[in-house]
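The sequence and the structure are shown first.

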Amino acid sequence: MIHRTPFFLPLLYPSLVWRVPTTEKELYLTFDDGPVSGPTEFVLETLANFNAKATFFCVGENIQKYPLVFKKMIQDGHAIGNHTFNHLNGWRTDTNTYIKNTKQCNEVITEHSSVGETTSQSVPMFRPPFGRITRHQISAMHNFRIIMWDVLSVDYNSRLSVEKCLKNTVQATRRGSIIVFHDSFKAERNLTYTLPRFVEHFSSLGFVFKALRG
């Protein structure tokens, strides 16, 4: 099971962000598919306990369902990214529909953010659901900073034990890694075990968790 992104993908798609180049002890936690009541609030509490910042790639329809949880993300100083309105698979969606759905998510993010809360990002951030996006869609989204990842926790896999999820994610992580977790009901079992132990481990080694910025 692959937890570290294969080296050739950033070479094939150099315009996408896979890792942050740094010599410092910095890590970049990201969370996909929220906000939802329960898992997202657990993530926010865990991050607050370690004074860690992160980036949340939000699904537009979930923002509409859980606006107060979304608001809490922003109030806690985390960065917000676009994850489409309906969690679309880019490989199975025509480009016009994909772009329209992404713009719909942007509108929801703006609608549920107070004035000035999202303006600190000079370029909006986007992560394709499932990591699946076509070259044509990438070209059409030139006004977004498309964020991929260096480490995938695979927390959504119910067949993966919590211990293995933690071990694999820790072993794959290095300086500047962009790490993916999921604040979703599907990932909740692995997330609630792995995340606090992951953050505690790297915090004890002197790492700082930062939010990505557009």
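Pro128 counts as buried at 1% relative accessibility, where buried means under 20% relative accessible area, exposed over 50% and partly exposed in between (1.4 Å probe, protein chains only). The residue belongs to the loop between β4 and α6; helices (H or I, at least four residues) and strands (E, at least two) are DSSP runs numbered from the N terminus. Beyond its neighbours within four places in sequence, Pro128 is in contact with His83, Tyr98, Ile133, Ile146, Ile147 and Met148, contact being defined as heavy atoms within 4.5 Å. Pro128 and Leu88 are 40 residues apart in sequence, and their C-alpha atoms lie 7.9 Å apart in space.

The model is predicted: local features need pLDDT of at least 70 and side-chain atom pairs count only at pLDDT 80 or more, while totals for chains, interfaces and linings use all residues. Residues are numbered from 1 along each chain as its sequence is written, and side-chain values use heavy atoms, with hydrogens and water left out.

**Helix α5**

Tyr98, one of the contacts of Pro128, is among the buried residues of α5, together with Thr95, Ile99, Asn101, Thr102, Cys105, Val108 and Ile109. The cover over these buried residues includes β2 (54-58), α3 (60-65), α4 (67-75), β3 (79-82), β4 (125-126) and α6 (135-140). Helix α5 (residues 95-111) has 17 residues, and its first and last C-alpha atoms are 24 Å apart, close to the 24 Å expected at 1.5 Å a residue. The expected span is 1.5 Å times one less than the number of residues in the helix.

A kink of about 30° is located at Thr194, shortly before the proline Pro196. The bend at a residue is the angle between axes fitted to the seven residues ending there and the seven starting there. After α8 comes Gly206, with a positive phi near 90°.

The buried residues of α8 are Asn190, Leu191, Thr194, Leu195, Phe198, Val199 and Phe202. They pack against β1 (26-32), α2 (39-49), α7 (162-172), β7 (178-182) and β8 (208-209). An α-helix has 3.6 residues a turn, so residues three or four places apart point the same way.

The axes of α7 and α8 are 9 Å apart and form an angle of about 40°. The two helices are therefore oblique to each other. Axes are lines fitted to C-alpha atoms, for helices over the stretch in contact, and angles run from 0 to 180 degrees between N-to-C directions. Angles under 35 degrees count as roughly parallel, over 145 as roughly antiparallel, 65 to 115 as roughly perpendicular and the rest as oblique. On the α7 side the contact is made by Val162, Glu163, Cys165, Leu166, Thr169 and Val170, and on the α8 side by Arg189, Asn190, Tyr193, Thr194, Arg197, Phe198, His201 and Phe202.

Two residues of this contact can be followed individually. Leu166 of α7 is buried, with a relative accessible area of 15%, and apart from neighbours within four places in sequence it is in contact with Tyr193, Thr194, Arg197 and Phe198.

**Helices α2 and α4**

The axes of α2 and α4 come within 10 Å and cross at roughly 20°, and the two helices are therefore roughly parallel to each other. Thr40, Glu41 and Leu44 of α2 meet Val69, Lys72 and Met73 of α4 in this contact.

**Loop residues on either side of α2**

The loop between β1 and α2 contains Asp33 and Pro35. The peptide bond from Gly34 to Pro35 is cis, with omega near 0°. Asn51 lies in the loop between α2 and β2.

| Residue | Phi | Relative accessible area |
|---|---|---|
| Asp33 | positive, about 90° | 17%, buried |
| Asn51 | positive, near 55° | 65%, exposed |
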